[in-house]
Amino acid sequence: MKIFVLVVFILMYIAIIAFSDYKHWITGAVAVLVVGGCLIFGVTDFQKTVSSIDFNVILMLLGIMLTVGMFSESNMPNKIADGLMAKIPNGMAAIVVLSVLSGLVSAFIDNVATVLMLAPIGIAISRKLKVSPVPVIICIAVSSNLQGAATLVGDTTSIMLAGFADMSFFDFFVLDGKPSIFFAVEIGAIATVPVLIFIFRKSNQKICFERENVQVKSVVPTVILLLNIAALVVSSFIPVKHELTNGIICIAFGLIAVIFNTIKFKSNPLNTIKEAVDYQTVLFLFFLFMIIGCVEEVGIIKDISKFFISIGDKNLFLLYTVIVFGSVLLSMFIDNIPYVATMLPVIAGIVSSMANPAPGVEYLLYFGLLVGATLGGNLTPVGASANVVGIGFLKKNGETVKTSDFLKIGVPFTLIAVLCGYAFIWLIWGV
């Protein structure tokens with residue numbers, strides 16, 4: 001059964017890359033095939049299949065889509081785009097600032113939410129500059145993925161590490177008197193700015209446009225969006241909370257936005273929801289979670305973990321290097337949440353088996369794992385939820401996105417960020 005799941009899993013990703021417009025149908029068919037096979041042969045059961053679906057992410061996605069849909073409809077992104085372009089000398093600078101802003105926001109807000117919040121502004125700026133919005137939105141997505149590992153609240157994998165290693169919010173900044181993972185991520189982020197400048201070098205024209213008298217229909221959707229962000233930040237500091245807390249928060253604010261839109265503009269709420277929600281992206285992630293659950297259940301992720309141990313457990317530098325770059329490669333295709341969940345206890349086992357482990361060696365490997373697994377998703381369009389959502393947003397706005405469009409940005413962006421983080425962590429925590 002393991003071989004069958006692995007082969008189908010690989011073929012699925014090849015099909016998604018080749019036929020990206022049908023990715024939700026492809027994953028749906030594979031989910032029926034793989035999950036059905038696992039259920040028939042007793043590898044998993046219905047309860048495990050359902051639990052493998054991250055309903056918190058699905059609810060967050062739906063809620064933010066609704067809120068951002070109303071935000072876009074209010075014409076506020078155009079107003080912000082005008083204000084940004086009025087203060088920045090050229091188009092390249094405006095796009096780079098927006099990408100950097102995406103990274104900073106995602107250090108404290110979920111990556112998917114960040115992309116959905118900033119994408120409308122990116123689209124507005126692109127159209128005013130008369131450039132393709134495709135690379136702009138891709139840069140917003142990869143920037144958000146990069147900074148997700150910077151803080152405890154930035155990404156699910158960070159939350160998992162904090163729980164497993166008993167790290168506080170401030171341990172991500174300074175731990176045992178040493179600079180922690182936040183600085184590794186930020187150094188990587190700074191190093192990617194020249195990449196962004198190079199990518200958008202042809203958009204270096206001065207911003208000379210006649211400012212439109214953009215009329216914002218209502219500031220209420222913007223207020224709702226900001227309150228949604230604030231609620232997500234506050235909830236991240238709650239020590240014990242329901243696993244669907246963030247999803248419920250986003251759905252609640254999304255419905256409030258729809259209700260306001262219905263009352264204010266006498267619109268049909270069903271049509272409003274239909275226009276705001278990207279159902280293809282939601283279905284794709286829904287089915288993908290089920291498939292990843294089966295991949296984990298058959299033991300493929302555990303086998304990968306054992307492979308890491310077999311080639312590097314006698315040499316710390318080699319082990320660290322394998323964990324970082326092996327995680328980068330695997331995260332191109334494998335969701336980083338079950339992968340990190342499997343590897344954390346594996347790393348703890350490796351450290352406990354060492355005869356005389358140096359102080360802090362476990363953090364060296366933990367941080368290496370997080371950097372590799374979090375940033376690796378930027379190598380492919382389907383490697384991270386934020387990438388999937390960003391591309392879905394572009395298609396919803398009538399844009400065609402080729403795999404090559406993503407790779408031109410994702411590959412250099414990822415390699416530079418990973419190399420900087422890899423070197424920094426070893427210099428500070430290596431022994």
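Helices (H or I, at least four residues) and strands (E, at least two) are DSSP runs, numbered from the N terminus. Residue numbers start from 1 along each chain as its sequence is written. This is a predicted model, in which local features need pLDDT of at least 70 and side-chain atom pairs count only at pLDDT 80 or more, while totals for chains, interfaces and linings use all residues; side-chain values use heavy atoms, with hydrogens and water left out.

**Stop one: two loop residues**

Select K266, in the loop between α12 and α13 (269-276). Its phi is positive, about 55 degrees, although K266 is not a glycine. For background, most residues other than glycine have a negative phi. Is K266 buried or exposed? With a relative accessible area of 71%, K266 is exposed; here buried means under 20% relative accessible area, exposed over 50%, and partly exposed in between (1.4 Å probe, protein chains only).

Now select D166, which lies in the loop between α9 and β1 (174-175). D166 is not a glycine, and its phi is positive too, near 55 degrees. D166 counts as exposed, at 68% relative accessibility.

**Stop two: aromatic pairs**

Show the side chains of Phe, Tyr and Trp. Their rings (for Trp, the six-membered ring) pair if the centres lie within 6.5 Å; planes under 30 degrees apart count as stacked, over 60 as edge-to-face and the rest as tilted. By this rule there are 14 aromatic pairs. Take F164 and Y366: their ring centres are 6.0 Å apart and the planes stand at 85 degrees, so this pair is edge-to-face. The pair links distant parts of the chain, with F164 in helix α9 (residues 156-165) and Y366 in helix α18 (residues 361-376), 202 residues apart. F164 is partly exposed at 38% relative accessibility, whereas Y366 is buried at 6%.

Move on to F317 and Y422, a tilted pair with 6.4 Å from centre to centre and 55 degrees between the planes. This pair also links distant parts of the chain: F317 belongs to helix α16 (residues 316-330) and Y422 to helix α20 (residues 403-429), 105 residues apart. F317 counts as partly exposed at 38% relative accessibility, and Y422 as buried at 14%.

**Stop three: charges over rings**

For another example, select K23 and F284: the charged end of K23 sits over the ring of F284, 5.9 Å from its centre.

**Stop four: a helix crossing**

Colour helix α4 (residues 55-73) and helix α12 (residues 245-265); their axes come within 7 Å and cross at roughly 25 degrees. Axes are lines fitted to C-alpha atoms, for helices over the stretch in contact, and angles run from 0 to 180 degrees between N-to-C directions.

**Stop five: a glycine in a helix**

Finish at G326, found in helix α16 and buried at 15% relative accessibility.

Technical notes
Lys NZ or Arg CZ within 6 Å of the ring centre and 35° of its normal.
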